[in-house]
Amino acid sequence: MTDHSSAAFTETERQHALDALHVVGSLPEPAYDDIVKVAAAVCGTPMALVTLIDRDRQWFKARIGVEGSETDRDVAVCDHAIRQPDQLLEVGDLKQDSRFVDNPVLNEMGARFYAGMPLVTREGAAVGSVCVVDLTPRSLSAEQRDALQALARLTMTLMEARSREREQEVATILEQSPLVEAAHATTGTACTVVILELQDLAALAEQMGERSLERQLQQLDVALEQCLDATRGDSINRVTGSGEFIAVLGSDQPEDTLERFQRAAEPGTTALGTRLLIGAGTTSTGESNNALFMRADRALSEAKDAAR
């Protein structure tokens, strides 16, 4: 794949920053729907989106006036926007710009105007944008540019707040695990933290409805729990409002359990047309909960790289 790195971040680092937010594929949320409604109203455009640039695709967290939930990354104008994280990208006439004149997605939409402000993490990684699209060439006023920049900052604040809530819930799960406590108290006592994540939850919800999806997630929770070894004190918990599960295993050799997880999930994921990806981190040295979980999270990110 082409190196799409933004300033000061390699593409791998940028992608890991996006993965750490755990927002790609997440369920619809009214706050983001409000962001695009305000963006379209303020800028006077028929289309507005919150986009995330994920590996080989551009995924829409929220959209108005646009069909579909994603595009290939190589036709995403927002992929150009994130290359200058501190600048709003405004293209007055897409037909007059050599980068976009032959873009099949833009041509099908009839898009002529684009303006997008990158979504930038506290560390400076550009992960997507808040953007508006119009069907006629034009420009934004200074006030509209300021508003779009403000909406991008607000969107990033929402995403990072959501990420902190998840981190706090995960921290509570780990703190309440006797296995993790024992690993801290006694060097040489092994435990493994496993993150299991059902992919593309938003697409599943759109396909089958959120209530039916919730029933499927509950069934998956039961199936995964049956893979645990109660004699070791294994446990599993689902992160609220997500397709993410956190398991704690009383072993530093989790391979057999990870295989059981995959086998247990396979009938459901095959029927749903999605995948369950897994990342694991093992310790027997009493390292911090956060360090252990971050290793599991990084392993999950690597699993997403391998699955693309």
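**View 1. Lys304 and Glu197 pair up in a salt bridge.** Lys304 is buried, with a relative accessible area of 13% (buried means under 20% relative accessible area, exposed over 50%, partly exposed in between, with a 1.4 Å probe and protein chains only). Glu197 is buried too, at 9%. The closest N and O atoms of Lys304 and Glu197 are 2.8 Å apart (a salt bridge is a side-chain nitrogen of Lys or Arg within 4 Å of a carboxyl oxygen of Asp or Glu). Lys304 sits in helix α10 (residues 289-307) and Glu197 in strand β7 (residues 191-198), so the pair ties together parts that are 107 residues apart in sequence. Helices (H or I, at least four residues) and strands (E, at least two) are DSSP runs, numbered from the N terminus.

This is a predicted model: local features need pLDDT of at least 70, side-chain atom pairs count only at pLDDT 80 or more, and totals for chains, interfaces and linings use all residues. Residues are numbered from 1 along each chain as its sequence is written, and side-chain values use heavy atoms, with hydrogens and water left out.

**View 2. Glu206 and Arg63 meet through their side chains in a salt bridge.** The N to O distance is 3.8 Å. Glu206 belongs to helix α7 (residues 201-208) and Arg63 to strand β2 (residues 57-64), so this pair ties together parts that are 143 residues apart in sequence. Glu206 is exposed, with a relative accessible area of 59%. Arg63 is partly exposed, at 29%.

**View 3. Arg57 forms a salt bridge with Asp54.** Their closest N and O atoms are 3.1 Å apart. Arg57 counts as buried at 17% relative accessibility. Asp54 also counts as buried, at 8%. Both residues belong to a network of salt bridges that links Asp19, Asp54, Arg55, Arg57, Glu70, Asp200 and Asp305.

**View 4. The surroundings of these pairs.** The structure holds 25 salt bridges. The protein carries 29 positive and 49 negative side chains (Lys and Arg count as positive, Asp and Glu as negative; His and the chain ends are not counted). Its secondary structure comes to ten helices and ten strands. Of the 308 residues, 49% count as buried. Among contacts with a separation of 6 or more, 66% come from residues 24 or more positions apart (contact means heavy atoms within 4.5 Å). The C-alpha trace spans about 65 × 40 × 35 Å along its principal axes.

Key. Charge placed at Lys NZ, Arg CZ, Asp CG, Glu CD.
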